[in-house]
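Subject: Structure for you to look at

Hello,

I am handing over the structure below. My notes on its cavities and on one helix pair follow it.

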Amino acid sequence: MIDTVKNAEATPDQEQPYKELGLKDDEYARIKEILQRRPTDAELAMYSVMWSEHCSYKSSKVHLKYFGETTTDEMRSKMLAGIGENAGVVDVGDGWAVTFKVESHNHPSYVEPYQGAATGVGGIVRDILAMGARPLAVMDPLRFGKPDAEDTRRVLPGIVAGVGGYGNCLGLPNIGGEVVFDESYQGNPLVNALCVGAMRKKDLHLAHASGTGNKVILYGARTGLDGIGGVSVLASETFDDTAGKRKKLPSVQVGDPFTEKVLIECSLELFEQGLVVGIQDLGGAGLSCATSELASAGDGGMHVYLDRVPLRAANMTPAEILSSESQERMCAVVEPGNVEAFLRVCAKWDVIATEIGEVTEGDRLVITYHDEVVVDVPPRTVAHEGPVYHRPIERPADQDELQANTPDGLPRPENLLELIKIMAASPNLASKKWVTQQYDRYVRGGTVLAQPSDSGMIRIDEETGRGVALSTDCNGRYTKLDPYEGAKLALAEAYRNVATTGATPVAVTNCLNFGSPEDPAVMWQFEQAVKGLADGCAELGIPVTGGNVSFYNQTGSTAILPTPVVGVLGVIDDVRRRIPTGIGAEAGETLLLLGETKAEFGGSEWAHHVHGHLGGLPPKVDLQREKLLAQVLVAGSRDGMVSAAHDLAEGGLAQALVETCLIGEVGARVFLQGDLFTELFSESAGRVLVAVPRTEEQRFVDMCTARRLPWRKVGVVDPESKALEIQSLGELPLDELREAWEGTLPALFD
Amino acid sequence: MRVGVITFPGTLDDVDAQRAVRYADGEAVPLWHADRDLQNVDAVIVPGGFSYGDYLRAGAIARFAPVMQEVVEAAHKGMPVLGICNGFQVLAEAHLLPGALTRNHELHFVCRDQWLRVENNTTAWTTRYDRDAEILVPLKSGEGSYQADADTLKQLEDENRIVFRYVGENPNGSLNDIAGISNARGNVVGLMPHPEHAIDALTGPTDDGLGMFLSLLDLVVNA
């Protein structure tokens, strides 16, 4: 029997499985107080999923407010939409707006690597589409356990194939991301997915259900039993009565990239013809989320006829229909006069479209099922006024001990030349070609830079050459040692990566991956990281436009390394002025090292790979210096003074040299002074290796000197040579280096 | 020069093929899969992607699209037709070209810059190249392994209908390193690599692919 509002009123004392659905006693009590009665099954399903950590941000909300508090009007001036919308939108000039966002799909990808990763890509792409933009490219920051662990061999190939399988078939170039290994991600890999899209400024769409009488149209795939998580509890409760032996479908959704590709083209045609008042994608929490958020953000109520929803399974209950996370669906608000034209466009693309409801007067979200009311709620209480927790926060007891355990006493190697090769072959520094060559980076013809460049770059305007650059970064070891500084370091590196390709950084998104919020030590890491990131953004003068929080990333009681992945968006007026990563593009290049090198090895790749050591403090970060460095790089790109540049990060100068030589396929002669181990392997922040044509060298170094940016000449490119030569150490043939750098991942995963 | 570029549901590289036509000073004419109308074009490109999701077998459904009936007829009358990647798979399914494309031998999707050797520079699409020229263009496919029976292979070799061959390590297990072939008349060419992604060194590895579209221009202008 369907549990209607009438029935709920008549049976106030009926027991409900709210605990199994993840609701606490006081949360359930609050729902009863809001409704002045017990919720129906369908209402309980809606509240439980919308008040989940994933949808309501109940543990993080109080901390995330800090992003807003630290964003000044000036930082906000280029922001067209920010936190709270499907994705942030930034004015990038010439009438163009760019929207970008990164989201996690960690837990589904562990359970079912291929589909988990695939639907992660699908979900973020629909978020971008829902802003009215054409999705242009994707990136995937991934993190795995130990590379040689049995489970990593299960999870990694599936996740990579899922990211590729979905993105390739969808026709979006994959232009970057990360692949990082650390034991802490064993049993809890991180799959973050980023999408960037562009639109003309006037085409921005927001998720509002305005205008009484407007119609609500659900279009895209049919609604099925896939992806029903907690709600399966309700389903079994209901169906045990009728002894229906229902086959449970996996709670990880199954993606259909072909349907999504058609959905994108269909939606863009609908936008172009001006047929859409408001739009929302269906992701986590399905129709529960889409209807309550649309209604909550609009100026009226909404009536939804649930029996009209096209289904792909028989006998689905209202609660199941509302909670299904079937993929590739969108919900639009359309003026009555445009419904016919809307349906015509959908028919052209063979997309199923159904009028499922309308915007009503008043402020209630009413959902009926065959004329019986199954939901009657104030939508804001579902979508925006969920519980807020002030979780206990406590600095971990062993944090001091961790920071006191510095890498200073670790034995230094005798043979530095050999160490360069060992580090180049280490899983975290090794070439990620095995992964990225499973991704299409060319489709749509706008990709100017992709992996292994410092940032991905996409042309958005073919006439002017205007484009955007994107980079994501986070070193979880740095964040573990000091979450505040570590988050700033992640920001600094993504910012620097964008500038290294010649683009001006303008906006930030993030995906905050942490352990359990019920652990005060994790909440301390979270609070510190949010503060560090927000303070860093304020200092750099670029706003956070959106983000995502993923808690409960842990195995047993052991949390992952705190991993606030930071994505930075940059703008370049003309992508023809991009700075490539590989040297050798121009005859006669000088290698310059910008920035200062100190002996900083806390959390370094060397300490991790060679000694399995994690302790001390991460490198110091100076954001004023990062700003100056970015200005110099952008000026170098604009005036054609820089022919190649590569950011120094994990593995230090040695790794940067190896990569710039191998990518450019030419050798170099390098001369260094002082302690060569520090020079080669320190991970001091704020440094970039640049190649300048000899004809531009004087002009470029004069500019650095005038702006007080420390620089040093460290070598020359040698187009005749097929080796990386380090003076006083010897030379490494590029063939040998390539074998070391490119051999690791195939050996592990083929 | 008017060149039709077909869009099926799931086609992805249509915008790229249209751009390549424009770079060769041609007019790109979008052709919709459901229309039985070639709009008086001089040539047709069947671009890459995943037509209808390619869930059954790559190209197997697209060959039945109304527009394909027109393409087959026109091809038999001598109209230049180029199938790229999924387009090659569609032309093979439509029997405009012999053989079939199967899963890559290592089972992964492969995206990489690939050297090709031009084996036949007399087709409608390859006259701008020198015979034996080596060109670098992107290859990106999961089902790119060219397969045919021994008689067909012999016939292709004997009649000089292998248009492109992979140079260096075979990326997908194609027989005889075949990257692209033509029909007997030389007006229909299919290849797995993507010349339309190599028309500008800014967004591709080279501009080596532009020669295919310029070859067509020469043919149409001199006709």
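Strand S5 of chain A gives the largest share of the lining of the largest cavity, 8 residues. Please keep in mind that this is a predicted model.

That cavity has a volume of about 810 Å³. It is lined by 49 residues, of which Gly177(A), Glu178(A), Asn428(A), Asp473(A) and Glu650(A) are the closest to its centre. Besides S5 (174-181), the elements of chain A that give two or more residues to this lining include strand S4 (134-144), strand S16 (467-473), helix H20 (483-500) and helix H24 (652-664). By residue type, the lining divides into 18 nonpolar, 18 polar and 13 charged.

The count comes to 6 cavities of 30 Å³ or more. Of its 15 lining residues, Tyr478(A), Leu489(A), Glu493(A), Arg496(A) and Ala649(A) are the closest to the centre. H20(A) supplies the largest share here, 4 residues. The lining of this second cavity is made up of 8 nonpolar, 2 polar and 5 charged residues.

Now the helix pair. In chain A, helix H8 (residues 113-129) packs against helix H9 (residues 150-170) at an angle of about 40°, and their axes are 7 Å apart. H8(A) and H9(A) are therefore oblique to each other, and their crossing is right-handed. Residues in contact include Ala117(A), Val121(A) and Val125(A) from H8(A), and Gly158(A), Gly162(A) and Tyr166(A) from H9(A). The residues of this contact divide into 12 nonpolar, 5 polar and 2 charged.

Regards

Definitions and conventions: Residues are numbered from 1 along each chain as its sequence is written. Chains are lettered from A and ligands numbered from 1 in the order in which they are written. This is a predicted model: local features need pLDDT of at least 70, side-chain atom pairs count only at pLDDT 80 or more; totals for chains, interfaces and linings use all residues. Side-chain values use heavy atoms; hydrogens and water are left out. Axes are lines fitted to C-alpha atoms, for helices over the stretch in contact, and angles run from 0 to 180 degrees between N-to-C directions. Angles under 35 degrees count as roughly parallel, over 145 as roughly antiparallel, 65 to 115 as roughly perpendicular and the rest as oblique. A crossing is left-handed if the near helix is turned anticlockwise from the far one by less than a right angle, and right-handed if clockwise. Contact means heavy atoms within 4.5 Å. Ala, Val, Leu, Ile, Met, Phe, Trp, Tyr, Cys and Pro count as nonpolar, Asp, Glu, Lys and Arg as charged, and the others, Gly among them, as polar. On a 1 Å grid over the protein atoms alone, a cavity is a set of points where a 1.4 Å probe fits but cannot get out, and a pocket is an open set with protein on both sides within 12 Å along at least five of seven lines; lining residues have an atom within 4 Å of a point. Grid points are joined across faces, edges and corners, and a volume is the space filled by probe spheres set on the points.
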